[in-house]
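User: I would like to know on what grounds the terms in this description are applied. Please go through them one at a time.

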Amino acid sequence: MTRSPNAGDAPAPADAPVLAGAPARDAEVVCLGESMVTFLPRAPGRLAEVPAFDRAIGGAESNVACTLARSGHTARWVSRVGTDGFGDHLLSAVAGCGVDTSHVQRDPLRPTGIYFRTAGERATGLHGEAADRGEVLYYRAGSAASAMTPGLLDHAALHHARILHLTGITAALSDGCLGVLRALTRRTPDRPLVSFDVNYRAGLWRDPAQGPGLLLGLARGCDLVFVGEDEAAAAWELHGPGAVRAALPEPATLVVKHGAAGATAFDRQPDGTDTVTFAPALRVEVVAPVGAGDAFAAGFLSGTLRALPVVTRLRLGHLMAAAALTVPGDLGTPPGRALADRLAALGPADWGTLRLGPGWTADGAHRTGGRTADGVHRTAGGTADEVHRTGGGTGTVNDSRTPNPPAADRGSSAERHVPGRCRDSEVRT
């Protein structure tokens with residue numbers, strides 16, 4: 001299996017801890033789901049007004065696989081694409097990130113999906129949502145990936161991993177795809193740890209009333225679940241992390257993302273109680289808000305694979321999200337493992353004053369809120385003691401003894417990214 005150029009930065013040690021009860025696997029993470037060729041506008045404005053587009057790739061599951069592979073993990077992407085040029089491009093681009101694509105099937109009868117989008121945020125389905133959300137126009141009906149069925153997939157390719165990562169987007173594509181997710185979220189003795197990002201998109205479901213209940217059922221069959229607080233409100237009318245946990249008691253780990261505020265993790269202990277950990281999000285100079293949720297999941301999964309403390313997993317999620325937010329496409333360049341681990345280990349005050357801008361992962365520098373002539377103070381290769389402090393807010397990290405998640409009535413959809421401005425990092429796709 002090929003590795004990305006970044007993989008040598010911090011290879012996983014041969015004696016890395018394995019997940020409890022997991023047999024030997026030939027990949028660390030397997031991600032299943034549709035990827036598409038995406039066209040990004042070269043100029044701002046509505047799709048009707050954009051004169052030209054740049055080609056890229058997009059897909060929640062392949063985004064996670066690419067980010068993990070570029071962070072030094074072994075990752076496999078399982079899907080279906082057409083035998084067209086767009087399928088060729090997808091395979092080349094994903095494999096170029098170091099992801100194993102040998103189990104991606106080619107369909108000569110169905111096309112590879114494509115979509116066009118503007119730079120704004122995708123709609124979540126919340127009532128009262130701002131009207132200036134970004135436009136997304138999908139051409140995925142009847143795509144090769146929508147023809148996935150349980151019988152078409154290689155059981156060994158999906159189960160020979162430490163983690164199997166899925167999202168709710170796949171369930172919305174077709175009855176066959178829903179059948180795939182039902183089969184993979186069924187609790188069986190030989191399955192890997194199953195990770196599930198709810199990724200509720202009301203517009204994807206042919207029957208909008210059916211989607212929320214199906215997603216809740218799928219999530220309850222998984223071991224690790226990611227869901228945005230706004231998604232939970234839109235899909236299930238649940239408000240606040242405690243209400244989400246009450247509705248999803250089965251997963252051993254539940255991560256509720258609070259948009260600009262941060263994220264709360266519920267981690268089930270042997271005695272049946274939860275350790276509750278909240279980690280505030282970072283402030284970043286946002287270029288485009290798409291792909292941050294996938295990057296957050298990849299960061300958290302990276303920490304899970306390395307058996308790091310939950311607060312470190314959350315912080316790695318925030319750092320990966322910041323990498324995605326500071327580029328125009330879905331995929332950012334993740335920080336090298338040494339840099340990510342150093343930043344994730346900062347004290348609460350230093351974490352709370354950290355600022356990240358475009359290019360922060362490429363040159364190994366991290367940016368803070370201290371202003372200079374170019375608007376951003378840079379410190380290259382600093383350690384925790386060298387982080388520039390700016391008066392003002394401090395970050396706090398809480399455990400089960402002092403849980404302090406954001407207020408339940410804080411709607412993350414009320415605060416939107418503005419490209420080119422410094423604001424809190426969102427952890428949503």
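User: Which residues does L319 touch, not counting residues up to four places away in sequence?

Analyst: L319 touches L282, A340, L343, A344, W351, L356 and W360. A contact here means heavy atoms within 4.5 Å. The model is predicted: local features need pLDDT of at least 70, side-chain atom pairs count only at pLDDT 80 or more, and totals for chains, interfaces and linings use all residues. Residues are numbered from 1 along each chain as its sequence is written, and side-chain values use heavy atoms, with hydrogens and water left out.

User: What makes a set of residues a nonpolar core, and which residues touch the most other members of the largest one?

Analyst: The set must consist of buried Ala, Val, Leu, Ile, Met, Phe, Trp, Tyr and Cys residues joined through side-chain atoms within 4.5 Å. Buried means under 20% relative accessible area, exposed over 50%, and partly exposed in between (1.4 Å probe, protein chains only). In the largest core, of 55 residues, V99, F226, V255, L314, L319, L356 and W360 touch the most other members. Helix 10 (residues 310-325) gives this core its largest share, eight residues. Another core, of 43 residues, lies apart from it and includes C177, L214, A232 and L248.

User: Why is helix 7 called largely enclosed?

Analyst: Seven of the eight residues of helix 7 (residues 229-236) are buried, so the rest of the structure largely encloses it. The buried residues are E229, D230, E231, A232, A233, A235 and W236. Their cover includes helix 6 (211-220), strand 11 (224-228), helix 8 (241-247) and strand 12 (253-257). Helices (H or I, at least four residues) and strands (E, at least two) are DSSP runs, numbered from the N terminus.

User: Why is E237 called exposed?

Analyst: Its relative accessible area is 65%, and the term applies over 50%. E237 is therefore exposed. It is found in the loop between helix 7 and helix 8.

User: Which class does A307 fall into, exposed or partly exposed?

Analyst: At 48% relative accessibility, A307 counts as partly exposed. A307 lies in the loop between helix 9 (292-305) and helix 10.

User: What is noted about phi in E237 and in A307?

Analyst: Phi of E237 is near 55°, a positive value in a residue other than glycine. A307 has a positive phi of about 55° although it is not a glycine. Most residues other than glycine have a negative phi.

User: How much of the chain is buried?

Analyst: Buried residues make up 57% of the 429 residues.
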